[in-house]
Amino acid sequence: IVINYGTDIMCQAKVEYGKTEALGESSLGEFEKVNDTLYLQHVVIGNLEPGTKYFYRVIQGSQKSQLFNFKTAELNDKKYRFFMAGDMQDPGNGVQRWKDTAKEMKKIMESNPVDFFICIGDMATDDKIDYWVKFFQIGRDVLPYIVMMPVLGNHDTDGTTIGKEIW
C-alpha cells in the first residue's frame, strides 16, 4: 500500500500504522516539491497481512492527522465489492461529477463494505496542480478509507508533469 498526500511542509514523510488504533508501526517515505507551497508525500507500507483492517495516520513534524483505515484484500475466492468510475473530473461551470460520485461512494461505504476503487481515468480536468488539489479535496471523505487503483487518462497526465508525479 502506498499512502500519498500533499502538504505545505517540507519534511520527510512518515505514516504510523497498525492493526489497532494504538498503531505501533511506522514507515518513512519521501517527498517531491511541486511548488513553493506544495510537497507530495509518498510512503510505502509493506508486510501487511491479507484480509486485515489497518489504522493509520500521517505525521508532519509535530502534527498528527486524524486516524484513517483501510482493509487489505483477502487471499481466497471471495466475491469482491468495488467501485469503478472514470471521466469524473469537475471542470467547473456547475458540473460536479466527482463531487457527486464521492458523495454517493461515501453513502454506500457507510452501510456496505467495499473492497477497493478502480478509477479508469480522467480524475483531473487537466494536468494542473489546482485540478489535482481539487480532486483530492473533494475525495477527502472517501479516499483515505479505500484502496484505490488508478488508471491514468488523457486529462490526468501528459507524461511529464504533476499527474506522473502523483501516480
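Asn-47 is exposed, at a relative accessible area of 82% (exposed means over 50%, buried under 20% and partly exposed in between, with a 1.4 Å probe and protein chains only). This is a predicted model, in which local features need pLDDT of at least 70, side-chain atom pairs count only at pLDDT 80 or more, and totals for chains, interfaces and linings use all residues. Residues are numbered from 1 along each chain as its sequence is written, and side-chain values use heavy atoms, without hydrogens and water.

Asn-47 lies in the loop between strand 5 (38–44) and strand 6 (53–60); strands (E, at least two residues) and helices (H or I, at least four) are DSSP runs numbered from the N terminus. Although not a glycine, Asn-47 has a positive phi of about 55 degrees. Most residues other than glycine have a negative phi. Leu-23, in the loop between strand 2 (14–18) and strand 3 (25–28), also has a positive phi, of about 65 degrees. Leu-23 counts as buried, at 11% relative accessibility.

## Nonpolar cores

A nonpolar core is a set of buried Ala, Val, Leu, Ile, Met, Phe, Trp, Tyr and Cys residues joined through side-chain atoms within 4.5 Å. The largest has 17 residues, of which Met-88, Trp-98, Phe-117, Met-123, Phe-135 and Met-148 touch the most other members. Strand 9 (82–85), helix 1 (97–111), strand 10 (116–119) and helix 2 (129–138) each supply at least two residues of this core, and helix 1 gives the most, with three.

Leaving aside residues up to four places away in sequence, Phe-135 touches Met-88, Trp-98, Met-123, Leu-143 and Met-148 (contact means heavy atoms within 4.5 Å). Another core, of twelve residues, lies apart from the largest one and includes Val-15, Tyr-17, Ile-45 and Tyr-54.
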